[in-house]
Protein chains: 2
Amino acid sequence: MHEGGTLRRVPDEPRRIPEATVARLPLYLRSLVTLADEREATCSSERLADLAGVNAAKVRKDLSYLGSYGTRGVGYDVEFLLHQVSRALGLTHDWPVVIAGAGNLGRALANYGGFTSRGFPVVALVDTDESKVGEKVGTTPVRHLDDLEALVKEHHVAIGVLATPSGAAQEVADRMVSAGIGSVLNFAPAVVTVPDEVSIRKVDLASELLILSFYQQRQAGGLTDLTG
Amino acid sequence: MHEGGTLRRVPDEPRRIPEATVARLPLYLRSLVTLADEREATCSSERLADLAGVNAAKVRKDLSYLGSYGTRGVGYDVEFLLHQVSRALGLTHDWPVVIAGAGNLGRALANYGGFTSRGFPVVALVDTDESKVGEKVGTTPVRHLDDLEALVKEHHVAIGVLATPSGAAQEVADRMVSAGIGSVLNFAPAVVTVPDEVSIRKVDLASELLILSFYQQRQAGGLTDLTG
DNA sequence: ATGTGTGAATCGGTTCACAGCC
DNA sequence: GGCTGTGAACCGATTCACACAT
């Protein structure tokens, strides 16, 4: 349904929200939580923009896709808007998660409290390494990959996190999909494809460093080295 | 110089490479390494596109920004193109890295061999927690944040990784910048701003999950719940 | 007076389609 | 005949600027 920057969707939808807007909703959510913590009753698009690190026009256009939730001359009601953004993001209930790969990264992700506390409880790590199966990482049990289907069924897991070696990523993704997972977050440095109706997003640490390296290099001395 | 999707650059440059293209170069690099491992001498844009998970027209246009390195009717020389892409990405030498924050994430990143092996040696973790200073995470020493400037000078560190709690992220980023770091990779779920001449990129795990949650929710049952 | 909501203009990026070279 | 390189057409997203509501 949604893959690395390209969106394919069923045509009839209440309001089509642009992909770029969806990617910023989490930013607004965080900003609104901050404002709510500070007991601010209302806020302008300008204020929200500052907190989210974008410009005010973008905030207004983005929010307008969710509905006309602001008041002209006044701004947005913080609590109300927070509720609307939460609802748009599907935070009305938890989304249980399974992490595949109990290596360094998988364990760090399982330990990282940010997931569970924000409505994405990690129900299990899965791995094929028998010596790891049965362990606990923090409070999260390590189960065998073969238990994936049962875990998904039992805990209604909708999101799978790929933290496997890249060689195994596609195969594990396939198993996730056939187990009924609808969304995949891929940390493996590999191209993984899924059917159209499944969402996939990629987090690629190595690529990020390479991109920074590109600009870093151009910044200092890129013009002096013209050797082919 | 480059911030979360927006690029600001000095106007006079050999060839301006679009930001979207730069973001795909790491993908091509990986694909070319695969082809080189398989002893393939040449490859078409189509083949490269398959491996990189994009389409062939995009590959050709992207590569054309680097130069006319292909041969009409034949394709691209794998080794030669690999060299050119590596050079464009600044991989002619190592880029030492400092990771700020010796918590779960920082330690996992330090342990994750992918960085060091790919030309981004982690020279140190820095933290303000005195009880952690002096430890080693794998082979990486934990130093006090106050040593940042000395570390940057001594190891010519160009890239800083923010793996601190979000409350500390901006402050640590400021210290990185004043220590002379030119590129920042931010893992903290906070908006961090840097001067124009510094690059910053963000990896936000929580946001990625929220975005998946958005599409997951729409996929199943989004149309049935129309309550305001 | 103030600040939202939104058409219109603009911009960057993608895709098309074919001329040009092997 | 096959495949690259690239203008032109297209498309999504951003920014502008102002009408409209309070």
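This is a short tour of a predicted model, moving from DNA strand C to DNA strand D and then to a pair of helices.

**Stop 1: DNA strand C**

Select DNA strand C and show the protein residues around it. There are 24 of them, and the closest are A:Ser45, A:Gly73, A:Tyr76, B:Arg24 and B:Asn55. Of the atoms of DNA strand C that come within 4 Å of the protein, 67% belong to sugar and phosphate.

Next, colour the surrounding surface by element. In chain A, α3 (56–66), β4 (70–71) and β5 (75–77) each supply at least two residues, as do α1 (19–37) and α3 (56–66) in chain B. By class, this surface near DNA strand C holds five nonpolar, 10 polar and nine charged residues.

- A:Lys61: a polar atom of its side chain is 3.4 Å from a base oxygen of DNA strand C.
- A:Tyr69: here a polar backbone atom lies 3.3 Å from a phosphate oxygen of DNA strand C.
- A:Arg72: an N or O atom in the side chain sits 3.0 Å from a sugar or linking oxygen of DNA strand C.

**Stop 2: DNA strand D**

Sugar and phosphate make up 66% of the atoms of DNA strand D that come within 4 Å of the protein.

- A:Arg60: a polar side-chain atom is 3.5 Å from a base nitrogen of DNA strand D.
- B:Arg72: a polar side-chain atom lies 2.9 Å from a sugar or linking oxygen of DNA strand D.
- B:Gly73: a backbone N or O atom is 3.1 Å from a sugar or linking oxygen of DNA strand D.

Zoom out to the elements. Two or more residues of the surface near DNA strand D come from each of α1 (19–37) and α3 of chain A, and α3, β4 (70–71) and β5 (75–77) of chain B. The surface near DNA strand D divides into five nonpolar, 10 polar and nine charged residues.

**Stop 3**

Finally, select residues 104–111 in chain A and in chain B, which form helix α5 of each chain. The axes of the two helices come within 9 Å and cross at roughly 175°. Because of that angle, α5(A) is roughly antiparallel to α5(B).

Show the side chains to see which residues touch. A:Asn104, A:Ala108 and A:Asn111 of α5(A) make the contact with B:Asn104, B:Ala108 and B:Asn111 of α5(B). Of the residues in this contact, two are nonpolar, four are polar and none is charged.

How values were computed:
Residues numbered from 1 in each chain as written. Chains lettered and ligands numbered in written order. Predicted model: local features only at pLDDT ≥ 70, side-chain atom pairs only at ≥ 80, totals over all residues. Heavy atoms only, no water. Near = heavy atom within 4 Å. Polar contact = N/O pair within 3.5 Å; in protein donor to acceptor, adjacent residues only side chain to side chain. Helix = DSSP H or I, 4+ residues; strand = E, 2+ residues; numbered from the N terminus. Nonpolar A, V, L, I, M, F, W, Y, C, P; charged D, E, K, R; others polar. Axes fitted to C-alpha atoms, helices over the stretch in contact; angles between N-to-C directions. Parallel < 35°, antiparallel > 145°, perpendicular 65-115°, else oblique. Contact = heavy atoms within 4.5 Å.
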